[in-house]
Amino acid sequence: MKVVLFCGGYGMRMRSGTADDVPKPMAMVGPRPLIWHVMRYYAHFGHTEFILCLGYGAHHIKNFFLNYEETTSNDFVLRGGRTELLSTDISDWTITFAQTGVESPIGERLRRVRHHLDGDEMFLANYADVLTDAPLSEMIDRFAGRDAGASMMVVPPQSSFHCVELGEDGLVGGITAVSELPLWENGGYFVLRQEVFDHIPENGDLVADGCAQLAKRGRLVAHQHRGFWKPTDTVKERAALDAAYARGDRPWAVWERDAAAVGTA
């Protein structure tokens, strides 16, 4: 199944104040950028056809893959001055690089790569900046068995803030952590059918237009995930993931977990 990755936004909340133009999906977590971790996740479940919706800082993403160095994340043998890889990351990947505009909203980016989907009934989509250990195959299978136009992974609120209940006299009636409220937020992992294009206008948005219209028609389903899920909207969040990677705490790397399980079986 093809995977559409939205990786052309400015990522302003990730900016460090420097005058660079590195897009957010190219922010580093360990020795590889975010987009690599997301793609590696999909590839682990057998989905290795990627369509990259490029925009801001597109050359950084192109150069990364055009000059990809397998030895960074794979064991190898150096013999007689020649490198012999013991494993590879991307040798079986197919990556389409599509320029979808610097200012385009996500829905418009999706519209502009529709022809690359070859009319596939179902496809996957992702913001390319959120890491998770969600069971992707289960998410797809559940959606495939439903009569719906889209599936959105939803997660509990991640905010550390508290909601305050106020009475008319200004007295506080209660304080509740946002994470404890009966709410769910968009997790950024989508399984879509071609039907979604019927509800995304020119320069429209995937969620505010496409998913919202499907929801009104009873055509949007949610996959609730309470496991690991971490966004990288800010420098602090990206740094926390980088630190977790360094200490070996990387639950999103399901390919490492399953490889370790096979090795100990």
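Residues are numbered from 1 along each chain as its sequence is written, and side-chain values use heavy atoms, with hydrogens and water left out. The model is predicted, and local features need pLDDT of at least 70, side-chain atom pairs count only at pLDDT 80 or more, and totals for chains, interfaces and linings use all residues.

Helices and strands are DSSP runs numbered from the N terminus (helices H or I, at least four residues; strands E, at least two). A residue is called buried under 20% relative accessible area, exposed over 50%, and partly exposed in between (1.4 Å probe, protein chains only).

Helix 2 spans residues 58-66, and its buried residues are Ala58, Ile61, Phe64 and Phe65. They lie on the same side of helix 2 because they cover an arc of only 130° around the axis, the arc being that of the directions from the helix axis to the C-beta atoms. The cover over these residues includes helix 1 as well as strand 1 (2-7), strand 3 (32-33), strand 4 (49-54) and strand 7 (94-99).

Strand 8 (residues 122-126) is mostly covered, with 5 of its 5 residues buried. Met122, Leu124 and Asn126 point one way from the strand, while Phe123 and Ala125 point the other way. Two strands are said to pair if DSSP finds at least two bridges between them. Strand 8 pairs with strand 1 in the parallel sense over 3 bridges, and Leu124 is the bridge partner of Val3. Strand 8 is also joined to strand 13 (residues 185-193) by 5 bridges, and these two strands run antiparallel. In this second pairing, Ala125 stands opposite Phe190.

The loop between helix 3 (106-112) and strand 8 contains Val113, which is buried, with a relative accessible area of 0%. Leaving aside neighbours within four places in sequence, Val113 is in contact (heavy atoms within 4.5 Å) with Val4, Ile51, Cys53, Ala98 and Thr100. Val113 and Thr96 are 17 residues apart in sequence and 9.6 Å apart in space, C-alpha to C-alpha.

Most residues other than glycine have a negative phi. Asp118, not a glycine, has a positive phi of about 55°. Asp118 is found in the loop between helix 3 and strand 8 and counts as exposed, at 60% relative accessibility. Ala128 likewise is not a glycine and has a positive phi, of about 65°. Ala128 is found in the loop between strand 8 and strand 9 (130-132), and is buried, with a relative accessible area of 0%.
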